[in-house]
Amino acid sequence: MSQSAIRSPVSESSANQEAPASAAGPLYRVDKFIVPAAGRDEFLGRVRDTHDVLRQQEGFLQDMILEQNSGPGVFNIVTLVEWASADVVGRVSEAVARHHAETGFDRQAMIARLGITADIASYSRIPAF
């Protein structure tokens, strides 16, 4: 697999985010994917498109789009977005859903068609660390 990382510093990342009960502190959205080689370019194009929307949202801090280049892990694409707090999740999810509707993009259909496996979750820092 090729090595690549796209990182966007502070400015303004994915639909259907769930926020933890506590909205204190930053929220980290980490999406991990197993993407077959045949669907890589199409998938990354859609990730780029979605992250362009995410970067414009209030509360966006930074994002990274990473591709595995070594190791035994099964996930070959990982995206990470840092949000100022969980309070932005609903508004950001609506903005992404609106963009996908306007562009005729069906995320679930693409994932099924390309044979992608996804592990999607939101995280917060462990205070002791």
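The model is a predicted one, in which local features need pLDDT of at least 70 and side-chain atom pairs count only at pLDDT 80 or more, while totals for chains, interfaces and linings use all residues. Residues are numbered from 1 along each chain as its sequence is written, and side-chain values use heavy atoms, with hydrogens and water left out.

Stay with Arg55, which sits in the loop between helix H1 (40–54) and strand E3 (60–67); helices (H or I, at least four residues) and strands (E, at least two) are DSSP runs numbered from the N terminus. Arg55 counts as buried because its relative accessibility is 14%, buried meaning under 20% relative accessible area with a 1.4 Å probe, protein chains only.

Next, select Phe33, Val35, Phe43, Leu44, Val47, Ile65, Ile77, Phe105, Met110, Ile111, Leu114 and Ile116, the 12 residues of the largest nonpolar core (buried Ala, Val, Leu, Ile, Met, Phe, Trp, Tyr and Cys residues joined through side-chain atoms within 4.5 Å). H1 and helix H3 (107–114) are the elements that give two or more residues to this core. Another core, of 11 residues, lies apart from it and includes Leu54, Ala86, Val89 and Val92.

Finally, show the whole protein chain, whose three helices and five strands follow the pattern β-β-α-β-β-α-α-β along the sequence. Of its 129 residues, 40% count as buried.

Terms used
Buried < 20%, exposed > 50% of the residue type's maximum accessible area, 1.4 Å probe, protein only.
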